[in-house]
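Open the model in your viewer and keep the sequence panel beside it. This tour goes from selection to selection.

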Amino acid sequence: MKHDMLTALRPLLAAEASAEAHALGTEAGDLEQAVWVRLLERLAADAPPNDPQGWLRKAVRSEARRTRRTTRLERPYDTEPVADDDRGPEQLALGAARHRALRDAVRRLPGRCPRLMEALLSPEDLTYREIAGELGISQGSLGPERSKCLGCLRRLLAPEVAARGARG
């Protein structure tokens, strides 16, 4: 029964998410994925909604409002990051060492995280669509996958950062 409901809701969710995403200037796949997660959490905790189509429309709008609020809170940098032009040899060497440590940690990540992080760190500044195509995954799953990979990366780098900070 749940599988039939999910299959039946898929076209409606795609249409609703596409309409809301266009107005927000965001990716429809991100909205779709957020609503699927909410629905699956609800199905695991409760029974299916009495009016699945109505619930889905409300959930899409709720996720759109949440995205809108989040976007309003995000602020761009006032200036570009500081250029490395006036750094001395010591700062350049330390920066290179940090860069190597980051690349080494990225290579130690599990699963497809190394490829995802390399694509995100690429100097080509790839879009989510290009990265998703390169990795063969849906564009909507890049955000959650990126979050998971960054969490793993933080855990890998935490001992190195703590050891560096303890020096005196």
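By class, which residues make up the lining of the largest pocket: how many nonpolar, polar and charged? The lining has nine polar, six charged and five nonpolar residues. Here Ala, Val, Leu, Ile, Met, Phe, Trp, Tyr, Cys and Pro count as nonpolar, Asp, Glu, Lys and Arg as charged, and the others, Gly among them, as polar.

Two notes before you go on. This is a predicted model, in which local features need pLDDT of at least 70 and side-chain atom pairs count only at pLDDT 80 or more, while totals for chains, interfaces and linings use all residues. Residues are numbered from 1 along each chain as its sequence is written, and side-chain values use heavy atoms, with hydrogens and water left out.

**Stop 1: the whole chain.** Color by secondary structure. You will find seven helices and zero strands (DSSP runs, numbered from the N terminus: helices are H or I of at least four residues, strands E of at least two). Of the 168 residues, 32% count as buried (under 20% relative accessible area, with a 1.4 Å probe and protein chains only).

**Stop 2: the pocket.** Select Thr-26, Asp-30, Arg-66, Thr-67 and Gly-143. Of the 20 lining residues, these lie nearest the centre of the largest pocket. A pocket is an open set of points on a 1 Å grid over the protein atoms alone, where a 1.4 Å probe fits, with protein on both sides within 12 Å along at least five of seven lines; lining residues have an atom within 4 Å of a point. The space in it is about 580 Å³, the volume filled by probe spheres set on the points, which are joined across faces, edges and corners. Now show H3: this helix gives the largest share of the lining, five residues.

**Stop 3: helix H4.** Select residues 89-107. H4 has 19 residues and reaches 27 Å from its first C-alpha to its last, close to the 27 Å expected at 1.5 Å a residue (1.5 Å times one less than the number of residues). Its buried residues include Gly-95 and Arg-103.

**Stop 4: the largest nonpolar core.** Select Leu-109, Leu-116, Met-117, Ile-131, Leu-135, Leu-142 and Leu-153. Within this core of 17 residues, they have the most contacts. Such a core is a set of buried Ala, Val, Leu, Ile, Met, Phe, Trp, Tyr and Cys residues joined through side-chain atoms within 4.5 Å. H7 supplies its largest share, five residues.

**Stop 5: Ile-131.** Leaving aside neighbours within four places in sequence, Ile-131 is in contact (heavy atoms within 4.5 Å) with Leu-116, Ala-119, Leu-120, Leu-126 and Leu-142.

Technical notes
Buried means under 20% relative accessible area, exposed over 50%, partly exposed in between (1.4 Å probe, protein chains only).
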